[in-house]
Amino acid sequence: MSEEEFITPENETEHASNNDLVVVSEVLPDNLIVLPILDRPIFPGIVMPLIFSGEKSINAIKSAVESQTNIFGVVLVRDLNEQDIFSSSFYTVGTALKIYKVIPISEDTIQVVAQGTHRFQFIRTHSLTPILKWEVKYHYEPNTKPDEELRAYAMAVMSSAKSLLKLNPLFQEQLKMLLANINFEKPGYIMDLIASVLTSESAKLQSIIEAFDLYERGKTLLLYLKEEIEVHKLQEKITKQIDEKMAKQQKDFFLREQLKIIKKELGIEKDDKSSEIEKLEGRLKNLVLPNEAEKVIQSELDKLKMLEPVSPEYNVVRTYLDVLTQLPWGVYSEDVKDISHARQVLNDDHYGLDDVKSRILEFISTIIKRGKLTGSNILLVGPPGVGKTSVGKSIASALGRKFYRFSLGGMRDEAEIKGHRRTYIGAMPGKLIESIKRAGTSNPVIMLDEIDKIGKSFQGDPASAMLEVLDPEQNQNFLDHYLDVRFDLSNVLFVATANQLDTIPLPLLDRMEIIRLSGYILEEKTQIAKKYLLPRQLENHGLTVDELDITDGALVKIIDRYAREAGVRNLENQIKKIMRKATLKSVEGENGKIVITSANVEEFLGKEIFSTEELYNKGVPGVTLGLAYTALGGTTLYIEANAIHGKSSGFKQTGQLGDVMRESSEIAYSYIRSIIGKDESLKNFFDENFIHLHVPAGATPKDGPSAGITMALALHSLATQRIVRSDIAMTGELTLTGKVLPIGGVREKTIAARRVGIFELILPKENQKDFDELPSYIRDGIKIHFVDYFRDVLDIAYVT
């Protein structure tokens with residue numbers, strides 16, 4: 001028997017007798033063994049194999065085989081229960097099947113060859129275990145001769161089936177077998193047999209199973225046949241479109257290939273490989289290659305010519321040659337040898353910074369005089385926002401050189417500097433070679449931003465790699481791991497930037513000329529805002545001077561109360577904030593010029609961020625005002641000392657002091673205790689009191705030796721109960737013998753004092769030369785006391 005065979009009423013009895021079985025209609029059981037099936041129902045008249053798995057299903061088939069009828073029923077699952085298929089929801093109409101053969105496949109799986117016989121309808125459940133049995137009612141097809149209408153339905157169904165046959169070759173074998181057994185006297189069987197080959201959804205096929213009325217069954221089947229025909233027509237249309245598109249693409253491909261060959265034969269065009277090689281060789285014509293680079297490039301070009309484009313190595317070699325030939329070997333931009341031009345560029349781009357400009361002009365003049373770099377590199381050190389990056393750009397502009405900047409901040413991999421070896425997938429040159437390539441000349445100005453924030457990890461130490469880059473004795477033969485060819489960096493002017501020097505390794509620091517940008521005082525910030533920041537932000541926000549005006553008084557208040565930092569970045573941010581609010585007012589239809597004065601600044605910027613700093617607890621002994629230098633510039637520093645009377649003595653420091661500052665406080669304590677012990681009336685003070693020294697603010701880490709005299713004065717004031725003047729600030733390192741040593745950051749500290757309204761300072765005597773070098777606009781109005789020993793401080797600092 002074939003896998004699928006169509007059985008008609010005429011040969012049903014014959015088929016049964018050949019197998020020594022009685023006629024099916026005589027033995028249909030009232031209580032039918034039922035098995036659930038998925039996907040699609042089975043129609044009467046069809047012989048087909050079914051697969052069943054699971055102990056319960058196998059036992060049900062065995063029970064049906066052992067019975068006299070060999071009959072069981074199948075019903076389509078409506079809602080599947082994944083855990084137990086027998087607990088699923090079933091349709092109530094199914095098909096009774098006659099078992100012809102059972103074939104074991106595995107221990108828990110069998111194949112059953114069976115034939116659909118009759119429809120049945122659920123009445124009630126007879127049993128659930130061990131075998132599912134339903135009490136059912138069977139539906140028998142009428143044996144009467146069909147009327148004209150029913151014959152018409154059958155013929156319409158056959159006509160649609162033939163149309164489907166033409167559209168879908170997959171149905172040809174099934175429908176040919178069906179058409180060979182057609183009997184229009186049995187329209188019900190015709191409908192079931194044709195429905196069995198439809199690809200409709202299971203719910204639609206189930207509706208045909210449930211259509212006991214032949215007229216209703218014919219209508220439903222015709223509807224689904226029409227849908228099937230439309231689907232196949234659409235499928236045929238889509239297939240045709242795809243075929244046409246593929247044919248066109250293939251045709252275009254062959255034509256293009258033929259065109260390439262024709263052009264190649266005529267010498268009009270070359271293939272991709274030839275074009276690539278020609279492009280690489282064309283670049284070399286404008287380059288002055290050193291011998292080493294020339295040999296490597298020629299060797300790689302010869303290798304490229306030997307390789308096929310489909311070879312994996314082809315792209316590796318091509319990319320390597322692409323990088324090598326894009327480098328500006330022997331290409332230099334001509335320096336502008338005009339010191340007046342350089343001075344003009346620096347003055348146009350920056351206000352103030354006279355000492356910085358002077359140092360840079362000296363540097364440029366040496367380049368002009370010698371015609372090449374002196375081997376020194378520049379390190380610009382200063383707080384954020386003071387213009388380090390823009391100074392670097394101005395140096396490039398003054399020399400007429402290309403400028404390229406990249407940041408070293410957070411860099412942890414040495415390969416970022418010296419490149420990856422070409423053995424790695426995705427290898428590329430380091431930042432230095434990439435900078436040269438993008439600049440397009442061998443003598444650009446390259447800015448190494450945030451050099452004080454280079455990291456270090458298991459992948460290497462980028463700071464150590466930078467030693468070769470910045471060393472004039474080594475960088476003329478700089479070897480990038482990717483290039484593996486030496487490149488001359490000696491003509492590159494490196495300008496590095498940093499906020500502080502503490503984190504820069506000393507060998508790296510030794511290779512750079514340090515130029516400090518200390519920050520700006522209020523007057524400088526006001527001029528910078530008027531000359532640079534305001535015009536730029538007016539343009540950026542689409543405003544004009546006729547629409548918005550910020551008065552000098554407003555600028556002073558913004559600088560003093562909202563942007564007191566050493567740089568001007570925050571000042572520009574505050575100006576942007578005003579501009580945005582002004583544009584909002586303008587867009588909302590407010591007419592007239594908006595004028596920002598000191599009186600209405602808060603309306604645009606909110607409450608003041610800074611207040612005037614002054615000594616608190618006036619008239620209280622043990623409180624002094626010092627000056628400190630941080631990465632953000634100069635700042636004021638309060639020192640407080642207090643005594644706790646008791647039987648025990650001691651000394652405690654708080655305020656997140658670093659090791660150096662803690663040692664400095666202990667030196668101050670020891671020194672003050674030694675001189676107080678000589679006073680008969682005070683010699684027991686430190687023996688009878690526990691001393692607590694505090695440096696606000698407690699959450700801010702602090703370190704350095706320059707607060708030595710400030711802490712010593714706080715302790716002396718506490719012991720003698722004398723009041724320190726509130727209009728004076730001081731800085732200086734103290735020794736155990738009372739000697740006051742010089743400190744750094746005189747400019748920053750002086751600016752910090754001016755910013756908070758302190759115009760009388762105490763500085764170490766050896767810093768007098770540093771103060772005298774300050775611009776007059778910083779020194780003007782400042783009264784300075786230069787001290788050599790701590791006793792000089794005592795003569796100045798107390799209220800008389």
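Visitor: Which residues in H18 meet which residues in H19?

Guide: Before I answer, please note that this is a predicted model, in which local features need pLDDT of at least 70 and side-chain atom pairs count only at pLDDT 80 or more, while totals for chains, interfaces and linings use all residues. Residues are numbered from 1 along each chain as its sequence is written, and side-chain values use heavy atoms, with hydrogens and water left out. On the H18 side there are Leu522, Lys525, Thr526, Ala529, Lys530 and Leu534, and they meet Asp552, Leu555, Val556, Ile559 and Asp560 in H19, where contact means heavy atoms within 4.5 Å. Helices (H or I, at least four residues) and strands (E, at least two) are DSSP runs, numbered from the N terminus.

Visitor: At what angle do helix H18 and helix H19 pack?

Guide: Helix H18 (residues 522-540) and helix H19 (residues 552-561) pack at about 115°, and their axes are 10 Å apart. Axes here are lines fitted to C-alpha atoms, for helices over the stretch in contact, and the angles run from 0 to 180 degrees between N-to-C directions.

Visitor: What makes the meeting of Asp560 and Arg561 a salt bridge?

Guide: A salt bridge is a side-chain nitrogen of Lys or Arg within 4 Å of a carboxyl oxygen of Asp or Glu, and the side chains of Asp560 and Arg561 meet at 3.7 Å, N to O, so the term applies. Arg561 also forms a salt bridge with Glu608, with the closest N and O atoms 3.8 Å apart.

Visitor: Which parts does the salt bridge of Asp788 and Lys739 tie together, and why?

Guide: The side chains of Asp788 and Lys739 meet in a salt bridge at 2.4 Å, N to O. Asp788 lies in the loop between strand S26 (783-787) and helix H28 (790-797), and Lys739 in the loop between strand S23 (733-734) and strand S24 (740-741), so the pair ties together parts that are 49 residues apart in sequence. Because its relative accessible area is 22%, Asp788 is partly exposed, whereas Lys739, at 19%, is buried.

Visitor: What is the phi of Glu450, and where does Glu450 lie?

Guide: Glu450 has a positive phi of about 55° although it is not a glycine, and it lies in the loop between strand S11 (445-449) and helix H16 (462-470). Most residues other than glycine have a negative phi, and most peptide bonds are trans. Asp484 also has a positive phi, near 55°, in a residue other than glycine.

Visitor: Which residues does the cis peptide bond join?

Guide: The cis peptide bond joins Thr129 and Pro130, with omega at about -10°, and Pro130 is found in the loop between strand S7 (109-127) and strand S8 (133-139).

Note on methods. Buried < 20%, exposed > 50% of the residue type's maximum accessible area, 1.4 Å probe, protein only.
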